[in-house]
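Take a look at it first, then read on.

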Amino acid sequence: MPNYKLTYFDARARGEPARMLFHLVGQKYEDIRYDFEGQEWPKIKGDRKRFPLGQLVVLDVDGELLTQSRAIYRYIARQFPGDYYGKNNMECARIDEILGIVADIEIAITPAFETPDATKREADLAKCRDSTLKPSWDFFSESLQKAGGKYFIGNRLTLADLVIFNSIDFFLDSTIGLKTYFESYPNLVKFYESFKNDSPLTQYLKDRKFTKY
Ligand SMILES: N[C@@H](CCC(=O)N[C@@H](CS)C(=O)NCC(=O)O)C(=O)O
């Protein structure tokens, strides 16, 4: 069995679905975390032998480094039993579709997180909500309804549920106030609550280290 080391910041964000997957499949891994705002990361990020793109997430599999959060999720989900990356080509494609939407949301929300200017943040947030979050959450809501209301793909827990939960969780816990807007999607709220309180990850979610994002 390979030795796995997952490196990310001390945050959920793009690193957390990989941690959730390792937990789900029962695989031990080293959970290495840097302080995003600390002194160390800027000094070491240029070391291309450890951080091939100068960014995180990085997964080290017996010394072979894998970058790009989605590649890492797919790798873990394919590597272990459980069909978390789908049972057939169409399920995989549907999961990819959701991974792509969540990636687009992350890119669209970044300016609002990065600006220290409160007025600009509100404007960036409103733009992101209308141009990206609304069509994405509409799509998720309709997809969930079509799929029976509990899981997004194949009537069982998959990588799609993990990344959607993690994305919603990020917005609900973040300082950017989207809770009320999210509540206008009752079936997504139900999915979120059920994933949190009644899923194979419930205990993990209770025990995991609290981080702001
Ligand atoms: N497409 C990449 C994006 C990676 C990325 O933007 N990582 C951010 C954290 S979420 C990062 O490393 N930021 C610190 C830096 O660029 O110095 C992925 O999905 O892994």
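**Reading the model, feature by feature**

Asp-83 sits in the loop between α3 and α4.

Q: Before we go on, what kind of model is this, and how are residues numbered?

A: This is a predicted model, in which local features need pLDDT of at least 70 and side-chain atom pairs count only at pLDDT 80 or more, while totals for chains, interfaces and linings use all residues. Residues are numbered from 1 along each chain as its sequence is written. Helices (H or I, at least four residues) and strands (E, at least two) are DSSP runs, numbered from the N terminus.

Q: Which phi does Asp-83 have, positive or negative?

A: Most residues other than glycine have a negative phi. Asp-83 is not a glycine, yet its phi is positive, about 55 degrees. Gln-68, in the loop between β4 and α3, also has a positive phi, near 75 degrees. Just after α1, Gly-26 takes a positive phi of about 70 degrees.

Q: Why does Asp-83 count as partly exposed?

A: The idea is to count neighbours: a residue is buried if 20 or more other C-beta atoms lie within 10 Å of its own, exposed if 12 or fewer, and partly exposed in between, with C-beta atoms placed from the backbone. Asp-83 has 18 C-beta neighbours inside 10 Å, so it counts as partly exposed. Gln-68 is partly exposed because it has 17 other C-beta atoms within 10 Å. Asp-104, in helix α4 (residues 89–114), is partly exposed because it has 13.

Q: How many residues of α1 are buried, and what do they pack against?

A: To read packing, look for contacts (two residues whose C-beta atoms, placed from the backbone, lie within 7 Å). Seven of the ten residues of α1 are buried, among them Pro-17, Met-20 and Leu-24. The buried residues of α1 pack against β1, β2, β3, α3, α6 and α9. In helix α3 (residues 69–79), the buried residues include Ile-72, Tyr-73 and Ile-76, and their cover includes α1, β3, β4 and α6.

Q: Which residues have the most contacts inside the largest nonpolar core?

A: In soluble globular proteins, nonpolar side chains tend to be buried together. A nonpolar core is a set of buried Ala, Val, Leu, Ile, Met, Phe, Trp, Tyr and Cys residues joined through C-beta atoms within 7 Å. The largest one here has 39 residues, and Leu-21, Ile-98, Leu-159 and Ile-164 have the most contacts inside it. Elements that each supply at least two residues of this core include β1, α5 and α8. α6 gives the most, with seven residues.

Q: At what angle do α6 and α8 pack?

A: Axes are lines fitted to C-alpha atoms, for helices over the stretch in contact, and angles run from 0 to 180 degrees between N-to-C directions. Under 35 degrees counts as roughly parallel, over 145 as roughly antiparallel, 65 to 115 as roughly perpendicular and the rest as oblique. α6 and α8 pack at about 105 degrees, with their axes 10 Å apart, and are therefore roughly perpendicular to each other. Asp-161, Phe-165 and Ile-168 in α6 meet Leu-188, Tyr-192 and Phe-195 in α8.
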